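Subject: Structure for your review

Dear colleague,

Please find below the sequence and the structure that I am handing over to you. My notes on what was found follow directly after them.

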Amino acid sequence: MVTLAGCQAGPSPRQDAGARSFQALPAAAEQALTAHNSPILYSLEPRAPRVKGDQGLLGFQVLGKTALSDEDAEVAVKAFRSAIGDWVGGSAAACFDPRHAIRVLYGEHTYDFLLCYQCQSIWIYEDGKILTRLGAAGSPKELNALLTAAGVPLSTSG
């Protein structure tokens, strides 16, 4: 069960240091993330007005993006998986202000994984339609490092 609180609530305390969530990605999203075909890592500005077209990703302003090498894709995928696996339940914020996203192609579909560490949420889309929303935890350090190394600006809001 997920309860919603405002963004100012801050991170949820760990219920048990050894506890892990039992969240699971939908099978198609899991396969897409595992295959990580043509992965693109995005830096998003969630507090900007909603945008359409090439300037946006599912309505969020794109600050920049970078196509990932196989090595960098492994790092990014691990960070997204860790965010899902490290969440131990508790409160998730009512807001959703993603600053990171990864897009992968799988079969005839496009999968977008939008991640908000601050709000403790990850939303997964298939072809622009929401598949699921999961809790998330951790640090954006690895994703920020990949974006910075590629010369992609990071969000300064929040």
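**Findings**

Thr-66 counts as buried, because its relative accessibility is 13% and the cut-off for a buried residue is under 20%. Please keep in mind throughout that this is a predicted model. Thr-66 belongs to strand S4. If neighbours within four places in sequence are left aside, the contacts of Thr-66 are Pro-39, Ile-40, Leu-41, Leu-147, Ala-150 and Val-152.

**The chain as a whole**

The protein chain contains 3 helices and 9 strands. Followed along the sequence, these elements give the pattern β-α-β-β-β-α-β-β-β-β-β-α. Of the 158 residues in the protein chain, 44% are buried. Turning to contacts between residues at least 6 apart in sequence, 65% of them join residues at least 24 apart.

**Helix H3**

Helix H3 covers residues 141–149, and its residues Leu-143, Leu-146 and Leu-147 are buried. These three lie on the same side of H3, because they cover an arc of only 95 degrees around the axis. Lys-141 and Ala-149, on the other side of H3, are exposed.

**How H2 and H3 meet**

Two packed helices are described by the angle between their axes and by the distance between those axes. For H2 and H3, the axes come within 9 Å and cross at roughly 150 degrees. H2 and H3 are therefore roughly antiparallel to each other, since angles over 145 degrees are counted in that way. The crossing of H2 and H3 is left-handed.

On the side of H2, the contact is made by Asp-72, Val-75, Ala-76, Ala-79 and Phe-80, while H3 contributes Glu-142, Leu-143 and Leu-146. Sorted by class, the contact of H2 with H3 has 6 nonpolar residues, 2 charged residues and no polar ones.

**Helix H1**

In helix H1 (residues 27–35), the buried residues are Ala-29, Ala-32 and Leu-33. They are on the same side of H1, because the arc they cover around the axis is only 95 degrees. The elements that cover these buried residues of H1 include H2, S6, S7, S8 and S9.

Just after H1, His-36 takes a positive phi of about 30 degrees.

**Tyr-106 in strand S6**

Tyr-106 is found in strand S6. With a relative accessible area of 29%, Tyr-106 is partly exposed. Not counting residues up to four places away in sequence, Tyr-106 touches Ala-28, Gln-31, Ala-32, Ala-35, Asn-37 and Tyr-111. Ala-32, one of these residues, is among the buried residues of H1.

Tyr-106 and Asn-37 are 69 residues apart along the chain, and their C-alpha atoms are separated by 6.5 Å. Thr-34 and Tyr-106 are 72 residues apart in sequence, with a C-alpha to C-alpha separation of 9.6 Å.

Ser-38, found in strand S2, has a positive phi of about 50 degrees although it is not a glycine. Asp-127, likewise a residue other than glycine, has a positive phi near 50 degrees. Asp-127 lies in the loop between strand S8 (121–126) and strand S9 (129–135). Its relative accessible area is 40%, so Asp-127 is partly exposed.

Yours sincerely,
A colleague

Definitions and conventions: Residues are numbered from 1 along each chain as its sequence is written. This is a predicted model: local features need pLDDT of at least 70, side-chain atom pairs count only at pLDDT 80 or more; totals for chains, interfaces and linings use all residues. Side-chain values use heavy atoms; hydrogens and water are left out. Buried means under 20% relative accessible area, exposed over 50%, partly exposed in between (1.4 Å probe, protein chains only). Helices (H or I, at least four residues) and strands (E, at least two) are DSSP runs, numbered from the N terminus. The arc is that of the directions from the helix axis to the C-beta atoms. Contact means heavy atoms within 4.5 Å. Axes are lines fitted to C-alpha atoms, for helices over the stretch in contact, and angles run from 0 to 180 degrees between N-to-C directions. Angles under 35 degrees count as roughly parallel, over 145 as roughly antiparallel, 65 to 115 as roughly perpendicular and the rest as oblique. A crossing is left-handed if the near helix is turned anticlockwise from the far one by less than a right angle, and right-handed if clockwise. Ala, Val, Leu, Ile, Met, Phe, Trp, Tyr, Cys and Pro count as nonpolar, Asp, Glu, Lys and Arg as charged, and the others, Gly among them, as polar.
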